Amino acid sequence: MSGHALYRLLAWLSPAYPIGAFSYSHGVETAVEEGLVTNRSSLVAWLQTVLLQGTGCVDGALFAAAWRAADCQDWIGFDAIAERAAAWRGTAEMALESRQQGGSFLSITRTAWPHPYLEAAHERLAGEIALPVAVALASAAHGIALESSLEGYLHAFSANVISAAVRSVPLGQSDGQLALAALEGAVARTVEAALGVTDLDDVGTATPLLDWCSLRHETQYTRLFRS
């Protein structure tokens, strides 16, 4: 990957990129409240499942499909993937999390890193786009390789949930980094699985407890996060 491509990818996936990622816990706040995540080992086990059998599996497949469609300028196919991504959420909070961050990502990236593909997608989709599809579009538009951009996306997703757990459990910063290191293999396997998907109809999740936590979070008495 060229220096310019790496620079852009690091900028987009930084916690400082203004998409509001810090305000979402992806259900982990309820998992902590219910005693399902209590320490580093339980957090790692939780996130391994989310990556390999839940959100990581779905978002990875959507990301790869969207990147390939954008790379060959198949905009009919791309828009169909974007539509599927918008609907492919188990709960209202999960939909909000992906839609709000995706719209914010597209908006700020159009401003700071403009490209005709981004402008056209914004017009066609009226700014409504799921986060994995938005990042895949920007990566393809700016010539960032699929495997590298997808691995970066899943790393950033994992790091954000870990950050939420560090604040909620609470965990120390060292435990947070140890958890991120422990997930390296799970991220790599999720990337490999996503790259091998040839039909999105074959993709699904097996994380009902994650959906339950997200549903419970909607009425949780005290909340730090929006999901």
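## Overall fold

The structure is a predicted model. The secondary structure of the protein chain comprises twelve helices and zero strands, and the order of elements from the N terminus is α-α-α-α-α-α-α-α-α-α-α-α. The C-alpha trace spans about 45 × 35 × 35 Å along its principal axes. A compact globule of 227 residues would have a radius of gyration near 17 Å, and the value of 17 Å for the protein chain therefore agrees with that expectation. Of the 227 residues, 52% count as buried. Among the contacts with a separation of 6 or more, 83% are between residues 24 or more positions apart.

## Helix 10

Helix 10 covers residues 173-182, and its buried residues are Gly176, Ala179 and Leu180. Viewed down the helix axis, these buried residues fall within an arc of 100°, so they line one face of helix 10. In general, an α-helix has 3.6 residues a turn, so residues three or four places apart point the same way. The face of helix 10 turned away from the buried side carries the exposed residues Ser174, Gln177 and Ala181. The cover over the buried residues of helix 10 includes helix 3 (40-53), helix 9 (146-168) and helix 11 (184-195).

## Glu29, a buried acidic residue

Glu29 is located in helix 2, which spans residues 28-33. Glu29 is buried yet has no salt bridge. The nearest side chain of opposite charge belongs to Arg223, at 5.9 Å; the cut-off for a salt bridge is 4 Å between a side-chain nitrogen of Lys or Arg and a carboxyl oxygen of Asp or Glu. The side chain of Glu29 does have a polar contact of 2.6 Å with the side chain of His217. Leaving aside residues up to four places away in sequence, Glu29 touches His217, Gln220, Thr222, Arg223, Leu224, Phe225 and Ser227.

## Salt bridges

Side chains of opposite charge can pair when their charged atoms come close. The whole structure contains eight salt bridges, and three of them, including the one between Glu34 and Arg216, are tabulated here.

| Glu34 | Arg216 | 2.8 Å |

In the salt bridge of Glu34 with Arg216, the closest N and O atoms are 2.8 Å apart. Glu34 lies in the loop between helix 2 and helix 3, and Arg216 in helix 12 (residues 208-217), so this pair ties together parts that are 182 residues apart in sequence. Glu34 is partly exposed, with a relative accessible area of 34%, and Arg216 is partly exposed at 41%.

Arg89 is buried, with a relative accessible area of 17%, and Asp59 is buried, with a value of 5%.

Asp79 belongs to helix 5 and Arg124 to helix 7 (residues 116-125), so the pair ties together parts that are 45 residues apart in sequence. Asp79 is partly exposed, with a relative accessible area of 21%, and Arg124 is partly exposed, with 33%.

Conventions. Residues are numbered from 1 along each chain as its sequence is written. This is a predicted model: local features need pLDDT of at least 70, side-chain atom pairs count only at pLDDT 80 or more; totals for chains, interfaces and linings use all residues. Side-chain values use heavy atoms; hydrogens and water are left out. Buried means under 20% relative accessible area, exposed over 50%, partly exposed in between (1.4 Å probe, protein chains only). Helices (H or I, at least four residues) and strands (E, at least two) are DSSP runs, numbered from the N terminus. The arc is that of the directions from the helix axis to the C-beta atoms. Contact means heavy atoms within 4.5 Å. Lys and Arg count as positive and Asp and Glu as negative; His and the chain ends are not counted. A polar contact is a pair of N or O atoms within 3.5 Å; within protein, one must be able to donate a hydrogen and the other to accept it, and residues adjacent in sequence count only if both atoms are side-chain atoms. The radius of gyration is taken over C-alpha atoms; the globule rule is 2.2 Å times the number of residues to the power 0.38.
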